[in-house]
Amino acid sequence: MNTLYLFVDFFTIIIPLLFSFHPKINFYKSWGSFFLAAIPVALLFCLWDSLFTQAGTWSFNPRYLLGIYIFHLPIEEILFFICIPFSCVFTYFCLDKFFDISWKPIREKVFAVLLAIILLTVGGLFIDRAYTALSFLSTAVICLFLVFIAKVDWFGKAITVYMFLLVPFLIVNGILTGTGIEEAVVRYNNSENLGIRILTIPVEDIFYGLELFLLNLFLFKSFESIKMHHREKIAL
């Protein structure tokens, strides 16, 4: 079934896309900010992805692909870096709009430090394993940057939302890594990761996904802030 990965992308984004027009949500008004954020992040992750693909850290099963490649990546993988962040940012947008999911600043700082310590320790201990080292170390740096340098007021909210997103994450990544199908869509070289799996999902994917979400959300909220400031300036 050479359209499987494409279907995964499609069904990941279609519901958030349609509900963007719901009158109580109106996320479509923020599409501009989302795409301004998603494009540079997607380019960064595509570069990472392409280098790791060429190095043999992972590979893609042609059985489930259309066969269109750009910079050594199947088109479905490139779309993944738009579809997944769209769904994640949309979910954050909705939960933040309708529920109080804020954390106290001290709790955010403690959580960020503890998470960073764990990630830096594991990433440092397994520095010879490319996927483990890069995903753990870079996620740690991003968490510390957001909380202590950028001083965002939404880090705790993002963690809450990501915990919620882990349910669809297990479904989507489960399919891509082989859960419920004969062969994996994305095949990992276990010498480059810890070899710890949740179902068929490498544990590194959880932090890779968190990093993808946080970077998109950071830029999205930055562009939304700029847009709001511009509107206020015009109103004056």
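Helices, H or I runs of at least four residues, and strands, E runs of at least two, are taken from DSSP and numbered from the N terminus. The model to which these labels are applied is a predicted one.

**Exercise 1. Where does Asp128 lie, and is Asp128 buried or exposed?**

Solution. Step 1: locate the residue between its flanking elements. Helix H4 covers 105–125 and helix H5 covers 130–149, and Asp128 lies in the loop between these two helices.
Step 1: apply the cut-off for exposure, which is a relative accessible area over 50%. Asp128 has a relative accessible area of 59%, and therefore counts as exposed.
Step 2: relate sequence to space. Asp128 and Ser191 are separated by 63 residues in sequence, while their C-alpha atoms are 9.2 Å apart.

**Exercise 2. Describe how H4 and H6 pack, and list the residues that meet.**

Solution. Step 1: take the geometry. The axes of H4 and H6 are 9 Å apart, and the helices pack at an angle of about 65°.
Step 1: identify the partners. From H4 come Glu108, Phe111 and Ala112; these meet Phe155, Gly156, Lys157 and Ile159 of H6.
Step 2: sort by class. The contact of H4 with H6 comprises four nonpolar residues, one polar residue and two charged residues.

**Exercise 3. Which elements line the largest pocket, and what is the make-up of its lining?**

Solution. Step 1: state the volume. The largest pocket holds about 600 Å³ of space.
Step 1: find its centre. The lining has 29 residues, of which Thr12, Ile84, Phe169, Val172 and Asn173 are the closest to the centre of the pocket.
Step 2: assign the lining to elements. At least two residues each come from helix H1 (4–19), helix H3 (75–98), helix H6 (155–176), strand S4 (186–188) and helix H7 (204–235). H6 gives the most, with eight residues.
Step 3: classify. The lining divides into 21 nonpolar, six polar and two charged residues.

**Exercise 4. Carry out the corresponding analysis for the second largest pocket.**

Solution. Step 1: the volume of the second largest pocket is about 410 Å³.
Step 1: among its 16 lining residues, Ser30, Phe93, Phe220, Glu224 and Met228 are the closest to its centre.
Step 2: H3 and H7 each supply at least two residues of this lining, and the largest share, seven residues, comes from H7.
Step 3: by class, the lining of the second largest pocket contains five nonpolar, three polar and eight charged residues.

Technical notes
Residues numbered from 1 in each chain as written. Predicted model: local features only at pLDDT ≥ 70, side-chain atom pairs only at ≥ 80, totals over all residues. Heavy atoms only, no water. 1 Å grid on protein atoms, 1.4 Å probe; cavity = no way out; pocket = protein on both sides within 12 Å on 5 of 7 lines; lining within 4 Å. Points joined across faces, edges and corners; volume = space filled by probe spheres on them. Nonpolar A, V, L, I, M, F, W, Y, C, P; charged D, E, K, R; others polar. Buried < 20%, exposed > 50% of the residue type's maximum accessible area, 1.4 Å probe, protein only. Axes fitted to C-alpha atoms, helices over the stretch in contact; angles between N-to-C directions. Contact = heavy atoms within 4.5 Å.
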